[in-house]
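Hi,

Here is the model I said I would pass on. Have a look, and then read my notes below.

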Amino acid sequence: MLFKTSNYLTNYFIENHIVSPQKKEIFIYGFQLILSTLSSMFTILLISAVFNISYGIIFLLFFMPIRFCAGGFHASTYHKCFVYTNGVFITMLIFSKIVYMYNLLPYYFLLIIASILHLWINTPCKNNKNPLSDIYIRKNKILSRKILVLYFVIILLTYYLERYLFILEINTIFLVSILFICGDFEYIKSWN
């Protein structure tokens, strides 16, 4: 369905002379990526609407931007990506509830510092499927670090304003760090 919709949209753009036929494959891929991302975002917001819509918004704001420029583990299909992204969101919600219920906040400052430092030092994640040039590596590293500084400031402010959102933010960054490690492992494993 995703391919059919992307193909339909691309053909519409070609027929209306918005896109040249030579770029058909690029646009199909782009539409697939956009539609897949939007469907994940929609589902996350729908799930979070059951509990509190701000949970989904926090997750998306702390998950998507850093994942786009820092990288990490990527699923092999759009369907798996959809399932994994929503699975990560549900895991984050459950883990956050446990942390909040058992008042594990004192340990969280170490977790956020470790997660941010790990991403700060190692971004962007190497990926054999999408190797980056040196210029893009530098750009992604700078952008990732700017995003991490912004996240850190927001996390510190949230700590004083709303503890549960603070936990959600930290858990999201922590899960991004885990996906980054999985991406590194996948890259190293591909050498064999």
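Helices here are DSSP runs of H or I, at least four residues, numbered from the N terminus, and the expected span is 1.5 Å times one less than the number of residues.

Before going on: this is a predicted model, so local features need pLDDT of at least 70 and side-chain atom pairs count only at pLDDT 80 or more, while totals for chains, interfaces and linings use all residues. Residues are numbered from 1 along each chain as its sequence is written, and side-chain values use heavy atoms, with hydrogens and water left out.

Which residues of H1 are buried? They are Ser6, Asn7, Thr10 and Ile14 (buried is under 20% relative accessible area, exposed over 50%, partly exposed in between, with a 1.4 Å probe and protein chains only). They sit on the same side of H1, because they cover an arc of only 100° around the axis, taken from the directions from the helix axis to the C-beta atoms. That buried set packs against helix H2 (24–51), with contact meaning heavy atoms within 4.5 Å. Lys4, Tyr8 and Glu15, on the other side of H1, are exposed. Just after H1, His17 has a positive phi of about 60°.

Then there's Ile116, in helix H5 (residues 108–122). Ile116 counts as buried because its relative accessibility is 11%. Neighbours within four places in sequence aside, Ile116 is in contact with Leu148, Phe152 and Ile173.

Cheers

Notes:
Helices (H or I, at least four residues) and strands (E, at least two) are DSSP runs, numbered from the N terminus.
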